[in-house]
Structure formats: C-alpha cells, structure tokens
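These notebook entries record what I looked up in the structure shown below.

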Amino acid sequence: MSIIEQSGTFEIAGHSVKRMGYGAMQLAGPGVFGPPRNPAGAENVLRAALEAGINHIDTSDFYGPHVTNQLIKKALHPYADDLLIVTKISARRDEKGGWIPALSAEELTAAVHDNLRNLGLEALDVVNFRSMHGLHGPEEGSIAEPFSVLADLKKQGLIRHLGLSNVTPTQIREAQAITDIACVQNQYNLAYRHDDALIDDLAQQNIAYVPFFPLGGFSPLQSQILSDIAARLNLTPMQVALAWLLQRAANILLIPGTSSVVHLHENIAASAVTLTPEIVAELDGVWHAARDGSVGGHS
C-alpha cells in the first residue's frame, strides 16, 4: 500500500477520492494574486501531486484570478478519468487584489463559464458556492437566491454537483431544499473546532467535509502543545495537524496547499501517521487553549 492510500478513500460526486487531496491556492502569486514567481515549478507541484496518487484538487478561478486554473490545465490536461477537480465561486478580484462579492445571476454564470474555459472542461465536477455573508467566517443570511442560479446551471449540465463553503448549518439545510449537496468546505483545525457537531451530522448523511486552513491559514497557528507533540513524534506541526484531521472523521477530505514539491511530500506523509488516543487527548488541549484566548492564529 502506498503512503497516500493509507489516508483511505471517500465517495464524492461519483468519484472515489483519496482523503489526502491538494489545494491549488498557493500556486498563485503573493496574496493569491497574480502569477507565481516560478510557473514551471508550480506545474511540477501539480504533476508531482498526481504522481503521488492524489486525485482530488481544489481550486478557484478567483485565485490569481484565473492563474491556478490555467496552471492546472497546462500541467494536467487532458485529465485522468479518476481526477476530481472542485472549484469555488461567488467572488471576484479588483485591480489591487481585493476580494469583492460577485453574486448576481450574471456574475455567477460568467464565473462558471470562466472556470470551464480556464480548466478546459465541458462540465465542472463540483462547484462550491461560498457564502459572502461573512468574509472571515460563516454568518447567517439566506443563500437561496444565488444558490438557485447554480442549481439551474446544474440542470443545464454545466455543473455536475454542488457544494457549499463558509456556511452555517441553517444555510446548508436551505441549500439542500434546492438540490443535493456533495460537500461542505469550512475553516476547521485543531484550534478552530466550531464545526464539530456539523461534521458528525454530515457524516451521517455521507456528505464530505473539507476543512481549509489546517494550520491556521494566513496567520499560522502558534501552539506550544502542537509544537511539543510534533517534536516528540519527529514530525512537523503540519503533519500532526493533518493526521489529526484524518482521524477526526472518515468524511473529512484534506486539501493542504503548497508551492513546494518537498512540502507536498511532507503533507502526503501525514497519511501514514497514526496518533494514539493519548496524543489525541493532548491535542484537544489546543482547542481548549484557543477558547481560553491563549492560542492565536485563526484566519
């Protein structure tokens, strides 16, 4: 059994994907804006991911914008039959790289066509609708109107499956009344566990949960507990954080991003890590410390 196969698999959108996937956001330039300094290196990372057995790539046409999708197309097209590409829409970028909501029917439709063109696809496997009610975390508010636009595009055959990002349980139920949901993508990690109950609920429905920012995102998690455990196990903090997520629930799919082949293989190596119950109990202390205000680094 290869290293990545030890992460297990999960059925999503008609694909059996390895639970260790890859997120393409870091392939764009600084601030997820503009091209990478080394486009050839970015393409090498994508090829190395597939060579290692990854068959789930997360992307968005607003990364760059257009940059990561064009890199994916150049490096990997024509795509392997078992490759699942998941994209995300509902925002656009201004000339300075700012993130602007793009929720009208015209903007959402254009975003779908941009993704199709830049990825070189006739239909998108999965499109995640990212709620923009809260820019830094889920906030309540109806998503029915823009999500219905995507449901119509799904009926037209441009989208095969729909998912959600940055959403609350109430918004998930609202979307499920419109069409089936393949996955939910929210922030979740050792120090940010607000979705604990949601993950378990989605598991009962056989819906994938895809956490982003496994180590805190743009402001990396600073935790002495995590650092000490990683040092004892001769692992990196990221490897411990990823291994913990894999053990947290069988419906969790990981999409750690990197622009380095070395770091890519370090992340993949977490697939083979088994944390003892004692270590898991220690790691629960990261969440307790975060709630007490003694751990920072949530983005």
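**Entry 1. The hairpin.** I began with the turn between β1 and β2, where two residues separate the strands and A13 takes a positive phi near 55 degrees. I was reading a predicted model, so I kept its confidence limits in mind: local features need pLDDT of at least 70. The two strands, β1 at residues 9-12 and β2 at residues 15-18, pair in the antiparallel sense over four bridges. I then looked up F10 and found that its bridge partner in β2 is V17.

**Entry 2. The open sheet.** Next I traced an open sheet of seven strands, with parallel pairing and the order β3-β4-β5-β8-β9-β10-β11. I asked which strands stand at the edges. They are β3 and β11 (208-209); each has a single partner strand, so one side of each is left without a neighbour in the sheet. At the β11 end, I noted that β10 (residues 183-185) pairs with β11 in the parallel sense over two bridges. V184 has Y209 as its bridge partner in β11. I also checked what packs on the sheet: helix α3 (residues 105-119) touches β5 (84-89), β8 (124-130) and β9 (159-165). The direction of α3 makes about 145 degrees with that of β5.

**Entry 3. Helix α1.** I compared the span of α1 (residues 39-51) with expectation. Its 13 residues reach 19 Å from the first C-alpha to the last, close to the 18 Å expected at 1.5 Å a residue. I listed its buried residues as G41, A42, E43, V45, L46, A48 and A49. What covers them includes the strands β3 (22-23) and β4 (56-58) and the helices α2 (67-76) and α9 (261-269). Just after α1, I found G53 with a positive phi of about 110 degrees.

**Entry 4. Nonpolar cores.** I turned to the largest nonpolar core, which has 83 residues. The members that touch the most others are L46, I72, V112, L150, L164 and L283. Helix α8 (residues 237-248) supplies the largest share of this core, seven residues. Apart from this core lies another, of 13 residues, and I noted F10, I12, V86 and V126 among them. I then looked up the contacts of L150: leaving aside residues up to four places away in sequence, L150 touches I89, L108, V112, V127, F129, I159 and L162. As background, nonpolar side chains tend to be buried together in soluble globular proteins.

**Entry 5. Aromatic pairs.** A search of the whole structure gave me six aromatic pairs. How are the rings of F62 and Y63 arranged? Their centres are 5.6 Å apart and their planes lie at 80 degrees; planes over 60 degrees apart count as edge-to-face, so this pair is edge-to-face. F62 is buried at a relative accessible area of 7%, and Y63 is buried at 6%. I recorded F62, Y63 and W99 as one aromatic cluster.

I examined F129 and F147 next. Their ring centres are 6.3 Å apart and their planes are at 70 degrees, so this pair is also edge-to-face. F129 lies in strand β8 and F147 in helix α4 (residues 144-155), so the pair ties together parts that are 18 residues apart in sequence.

Technical notes:
Residues numbered from 1 in each chain as written. Heavy atoms only, no water. Pairing = 2+ DSSP bridges. Core = buried A, V, L, I, M, F, W, Y, C linked by side-chain atoms within 4.5 Å. Buried < 20%, exposed > 50% of the residue type's maximum accessible area, 1.4 Å probe, protein only. Contact = heavy atoms within 4.5 Å. Expected span 1.5 Å × (residues − 1). Axes fitted to C-alpha atoms, helices over the stretch in contact; angles between N-to-C directions. Phe/Tyr/Trp six-rings, centres within 6.5 Å; stacked < 30°, edge-to-face > 60°.
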